[in-house]
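Subject: Structure handover

Dear colleague,

Here is the structure for your files. Notes on what was found in it follow below.

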Amino acid sequence: MAHPEHLDILNAGIPAWNAWREQNPAVTPDLSGADFTGRVFMDADLRGANLRGTFFTVAEMEGAQLDRADLTAANLTGTDLSRATLVDADLTEADLSYAICTFADLSGVNLTDARLTEAILFNTRMNGATLRRTLLSETILTGADLSGAIIDQCDLGDALTDGAILPITAR
């Protein structure tokens, strides 16, 4: 359950949120289970935050910093994550169907059992990512860099991989 004080600070706007994050670097924000459907989080500092089960459906998160965030079972359907960083984030069982992740950095991200149906991962960095049983059907991976990624038992049906860097061991 989201911490009420953290929700209040976030509801004051992204500039206030980012200032609070800068002043309180030791605090782990807890926004778990909150519903942020359709909200704007452009350039928001959500690094290391607890975002388990949070709804970011059709949210605008361009340039957001989500490094090391726990997004387990989060719903990011239709969310714009262009230029966002999700380095070492946990997206286990998350739904990123129809999400836009162009020029994003998902290096080291865990996408085990995640759903990325018809997502756009154009020129996205996914070096060292873990994709186990990940649903990638009809996903656009054009120009994506998945070097060093673990791709195991994934559904890549009709995925576009033109110009993508895929590991040799992808199965």
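Phenylalanine 103 is exposed, with a relative accessible area of 52%, whereas phenylalanine 122, at 32%, is partly exposed (buried is under 20% relative accessible area, exposed over 50%, partly exposed in between; 1.4 Å probe, protein chains only). This is a predicted model: local features need pLDDT of at least 70, side-chain atom pairs count only at pLDDT 80 or more, and totals for chains, interfaces and linings use all residues. Residues are numbered from 1 along each chain as its sequence is written, and side-chain values use heavy atoms, with hydrogens and water left out.

Aromatic pairs. The whole structure holds five of them (rings of Phe, Tyr and Trp, the last by its six-membered ring, with centres within 6.5 Å; planes under 30 degrees apart are stacked, over 60 edge-to-face, the rest tilted). Tryptophan 17 and tryptophan 20 form a tilted pair, 5.2 Å centre to centre with 40 degrees between the planes. Both tryptophans are buried. For phenylalanine 103 and phenylalanine 122, the ring centres are 5.7 Å apart and the planes lie at 85 degrees, so this pair is edge-to-face. Phe36, Phe41 and Phe56 are linked into a cluster by ring pairs.

Threonine 124. This residue is buried, at 1% relative accessible area. A polar atom of the threonine 124 side chain lies 3.2 Å from the backbone oxygen of leucine 121. Leaving out residues up to four places away in sequence, threonine 124 touches (heavy atoms within 4.5 Å) several residues, including Phe103, Leu106 and Asp145.

Regards

Notes
A polar contact is a pair of N or O atoms within 3.5 Å; within protein, one must be able to donate a hydrogen and the other to accept it, and residues adjacent in sequence count only if both atoms are side-chain atoms.
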